[in-house]
Amino acid sequence: MMMRMGEMGPQLGSVIASVMFVCTVFRQYLPPQLRYYVDKYTHQLVKLFYPYIQITFDEYTNEFRKRSEVYSAIQSYLSTKSSTIVRRLKAHDVKDSKSLVLAMDDNEEVTDEFQGIKVWWVLVKREPRQTSFSFYPQSDEKKHYKLTFHRRHRDVVTGAYLAHVIKEGKAITVGNRQRKLYVNNPSRNWYTYRGSTWSHVVFEHPATFETLALHPKMKEEIVNDLIKFRKGKEYYAKIGKAWKRGYLLYGPPGTGKSTMIAAMSNLMDYDVYDLELTTVKDNTELRKLLIDTPSKSIIVIEDIDCSLDLTGQRKKKKEKDEEDNEEKDPVKKKMEKEESQPSKVTLSGLLNFIDGIWSACGGERLIVFTTNYVDKLDPALIRRGRMDKHIELSYCCYEAFKVLAKNYLDLESHELFETIERLLGETNMIPADVAENLMPNSVTEDADSCLKKFIEALESAKEEARKMAEEEEASKKAEEEAKLKAEKEEKEKQEPAKDEVKCNGTSAKEEDAK
């Protein structure tokens with residue numbers, strides 16, 4: 001019968017302790033050439049008396065210091081076991097900070113049972129060894145879970161049990177996770193104390209597709225496209241494409257592009273990674289950021305037409321005055337020089353980020369670009385296959401207005417809706433301005449007054465648009481008249497006057513008099 005690790009027989013413990021003590025003493029006096037053999041035969045001797053196997057699961061992988069998904073799954077799985085057994089616990093808030101999850105603290109032990117087999121889990125923390133003084137200590141302590149079980153259960157534990165732990169742990173993680181909004185850190189902070197490529201805050205944006213000011217048919221089309229993508233793992237594998245999809249959101253400012261991204265995140269239950277290209281120094285850093293982006297995420301580049309000049313024709317920055325560079329600290333001057341260097345991210349690097357080999361490192365990711373001026377973007381950047389779906393978010397239509405009226409005033413119909421429908425067909429107004437006019441300014445303002453205020457705003461916008469059109473027409477007419485006048489004057493200058501044309505040294509009039 002198996003015993004708990006802390007309750008094993010005293011004789012076995014004494015034997016193992018004695019062997020390890022003797023070996024430690026001998027190692028101090030043995031030459032390095034013999035230590036290998038002592039360690040080798042010591043482990044073989046211990047295995048004769050110690051019938052247990054241990055497996056460790058490190059928190060971070062060796063590649064790019066990426067957090068292990070297996071470690072996270074084990075952590076979630078053990079959180080359901082440790083809350084009733086372990087004495088020292090750690091609390092984590094989840095689901096909009098309305099509930100807590102209790103996890104085992106460092107160096108605590110949890111016993112689990114699977115198909116009648118007992119196993120033991122221990123969370124081990126190793127402090128970093130700091131051998132010399134440094135302004136940047138080692139990045140973090142190292143943690144790992146240690147699983148111990150009897151060797152006769154090796155096949156069951158390494159097969160069915162670990163698969164069960166990972167599956168259950170991932171399900172618990174999905175149920176407890178909070179959506180997060182990430183932003184990329186400058187690369188100079190990646191390798192400092194507790195440095196990371198991304199920083200995050202809890203993302204609690206309330207936007208949904210039900211509250212978006214869009215035509216119902218457009219909403220339905222976008223939602224169906226997103227759901228099809230989420231369920232398309234086997235389909236993408238079948239057709240031989242990376243499991244990702246690109247969305248281009250374009251239209252005037254204030255038409256709901258950022259709100260659309262929040263609604264996509266809430267529908268898909270994906271984290272949002274807001275990529276600021278101006279802080280990325282080169283294509284290598286861009287790839288590193290992509291690698292550190294997990295599945296079930298939305299990578300967003302907002303206002304991509306303003307983020308970088310991707311045509312290869314960057315303007316040269318003006319040199320600073322010599323007075324600004326005089327008497328500066330050399331270290332500070334070097335840091336400022338590094339920070340002021342323009343990003344070397346190229347169009348080719350961005351294309352590889354979206355659709356190249358590196359884009360296949362991970363799956364179930366959405367890539368979203370937003371822009372106010374789609375004509376400014378390179379066609380290679382937004383072609384189908386990179387930006388698979390182009391969504392135009394334009395001025396507010398009547399159907400979108402009805403959504404906003406339901407959201408802000410809880411109205412589905414009103415006698416003034418007919419007037420509003422007519423005015424919306426005659427003038428352009430962005431959804432942000434519509435929402436601002438529909439929002440009550442005080443607790444005493446009712447729906448009727450808000451709708452009347454909105455009608456006044458529409459009529460005012462219509463009149464302003466008419467005046468601007470008239471001014472534009474007058475300006476265009478004035479430009480044409482000025483152009484015609486200039487052409488006429490130029491033509492008159494070029495025509496030779498008869499009395500100025502000389503023939504054999506005399507004018508035309510003198511020639512006629514003769």
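Residues are numbered from 1 along each chain as its sequence is written, and side-chain values use heavy atoms, without hydrogens and water. As the model is predicted, local features need pLDDT of at least 70 and side-chain atom pairs count only at pLDDT 80 or more, while totals for chains, interfaces and linings use all residues.

**Cores**

A nonpolar core is a set of buried Ala, Val, Leu, Ile, Met, Phe, Trp, Tyr and Cys residues joined through side-chain atoms within 4.5 Å. Buried means under 20% relative accessible area, exposed over 50%, and partly exposed in between (1.4 Å probe, protein chains only). The largest core has 27 residues. Phe209, Leu226, Met260, Met264, Leu366 and Val368 touch the most other members. Helix H5 (216-230), strand E9 (244-250), helix H7 (257-268), strand E11 (297-301) and strand E12 (365-371) each supply at least two residues of this core. Helices (H or I, at least four residues) and strands (E, at least two) are DSSP runs, numbered from the N terminus. H7 gives the largest share, six residues. Another core lies apart, with 26 residues, among them Ile304 and Met387.

Leucine 366 has contacts (heavy atoms within 4.5 Å) beyond its neighbours within four places in sequence, including Leu226, Met264 and Ile298.

**Helix H15**

Which residues of H15 (417-426) are buried? They include Phe417, Ile420, Leu423 and Leu424. Cover for the buried residues includes helix H14 (398-409) and helix H17 (447-494).

**Aromatic pairs**

Rings of Phe, Tyr and Trp (its six-membered ring) pair if their centres lie within 6.5 Å; planes under 30 degrees apart count as stacked, over 60 as edge-to-face and the rest as tilted. The count comes to 14 aromatic pairs. Two of them follow.

| Pair | Centre to centre | Angle of planes | Type |
|---|---|---|---|
| Tyrosine 182 and tyrosine 273 | 4.2 Å | 5 degrees | stacked |
| Phenylalanine 229 and tryptophan 243 | 6.0 Å | 45 degrees | tilted |

Tyrosine 182 sits in strand E7 (residues 180-184) and tyrosine 273 in strand E10 (residues 271-274), 91 residues apart. Both tyrosine 182 and tyrosine 273 are buried. Phenylalanine 229 is buried at 2% relative accessibility. Tryptophan 243 is buried too, at 14%.
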